[in-house]
Amino acid sequence: MFNMPSMKKHVSLISSLFLLSCACAFGQAPQAFKYQTKAKDASGNNIVNQLVSFRMSILQGSMSGPSSYTETDTATTNLFGLATLNIGGGTVISGSMSAINWSNGPYFVKIEFDPAGGNNFTLMGISQLLSVPYALYSQSAGSLDVKTPGQGIILSSPNGNCWQVTVDNTGAISATPVTCP
């Protein structure tokens, strides 16, 4: 049985294990990110090899802001009580991950937990979502200037050089150095 004072003691532990990851892949980025936590019972013992459930919400603007997205998900903890989920990969309750305009932040993630694997959730904590190093790098990774069909695109490299990239009707790609726009 859980009691709120014991659960609140573990908010900092669970929050400290919160991880975000960036997936580098060809095509569109996945509409999900990693969440990892150590599940503990009211006595502070690891919940081992057991199904646990979570309700996760993305809040806009502040820790008490409106929810842009909410989902539920379950995970089976491992031998050490570790549970790993993909926020954006659960059962959608409201909103859409792909509809979130991340430039309208800040955004916060609200985590609720049911150690029994059901829907009796207890608030575990709310944390601001911060940038991961790969996302910070992307700010300086270059830019893209889209031209009309037949003119290709102009790519700007991190060192400031620009290239006009075109594709002919056979699919052959060529890159020509150009003056940056």
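A residue counts as buried when its relative accessible area is under 20%, as exposed when the value is over 50%, and as partly exposed in between. By that cut-off, Cys162, at 5% relative accessibility, is buried. The structure discussed here is a predicted model. Its chain comprises three helices and eleven strands, and buried residues make up 28% of the 181 residues.

**Overall architecture**

- From the N terminus on, the order of elements is α-α-β-β-β-β-β-β-β-α-β-β-β-β.
- Among contacts in the chain with a separation of 6 or more, 49% are between residues 24 or more positions apart.
- The chain exposes about 10,900 Å², of which carbon and sulfur atoms supply 55%.

**Nonpolar core**

- The largest nonpolar core contains 21 residues, and those with the most contacts inside it are Val52, Phe54, Ile58, Ile87, Ile111 and Phe113.
- At least two residues of this core come from each of strand E1 (33-38), strand E2 (51-60), strand E3 (67-76), strand E4 (82-87) and strand E6 (107-114).
- In soluble globular proteins, nonpolar side chains tend to be buried together.
- Leaving aside residues up to four places away in sequence, Phe54 touches Tyr35, Thr37, Glu71, Thr72, Asp73, Ala83, Leu85, Ile111, Glu112, Phe113 and Phe121.

**Salt bridge**

- The structure holds one salt bridge, formed by the side chains of Arg55 and Glu112 with an N to O distance of 2.8 Å.
- This pair links distant parts of the chain, with Arg55 in strand E2 and Glu112 in strand E6, 57 residues apart.
- Glu112 has a relative accessible area of 10% and is therefore buried, since the limit for that class is under 20%.
- Arg55 has a relative accessibility of 28%, so this residue counts as partly exposed.
- Glu112 is also one of the residues that Phe54 touches.

**Disulfide**

- A search of the whole structure finds one disulfide, which joins Cys162 to Cys180 with an S to S distance of 1.9 Å.
- The bond links distant parts of the chain: Cys162 lies in strand E10 (residues 162-167), whereas Cys180 lies in the segment after strand E11 (173-178), 18 residues apart.
- The torsion about the S-S bond of Cys162 and Cys180 is about 110°, so the disulfide is right-handed.
- Cys180, at 33% relative accessibility, is partly exposed, whereas Cys162 is buried at 5%.

Methods
Residues are numbered from 1 along each chain as its sequence is written. This is a predicted model: local features need pLDDT of at least 70, side-chain atom pairs count only at pLDDT 80 or more; totals for chains, interfaces and linings use all residues. Side-chain values use heavy atoms; hydrogens and water are left out. Helices (H or I, at least four residues) and strands (E, at least two) are DSSP runs, numbered from the N terminus. Buried means under 20% relative accessible area, exposed over 50%, partly exposed in between (1.4 Å probe, protein chains only). Contact means heavy atoms within 4.5 Å. Accessible areas come from the Shrake-Rupley method with a 1.4 Å probe; for residues, only the protein chains shown count as cover. A nonpolar core is a set of buried Ala, Val, Leu, Ile, Met, Phe, Trp, Tyr and Cys residues joined through side-chain atoms within 4.5 Å. A salt bridge is a side-chain nitrogen of Lys or Arg within 4 Å of a carboxyl oxygen of Asp or Glu. A disulfide is a pair of cysteine sulfur atoms within 2.5 Å.
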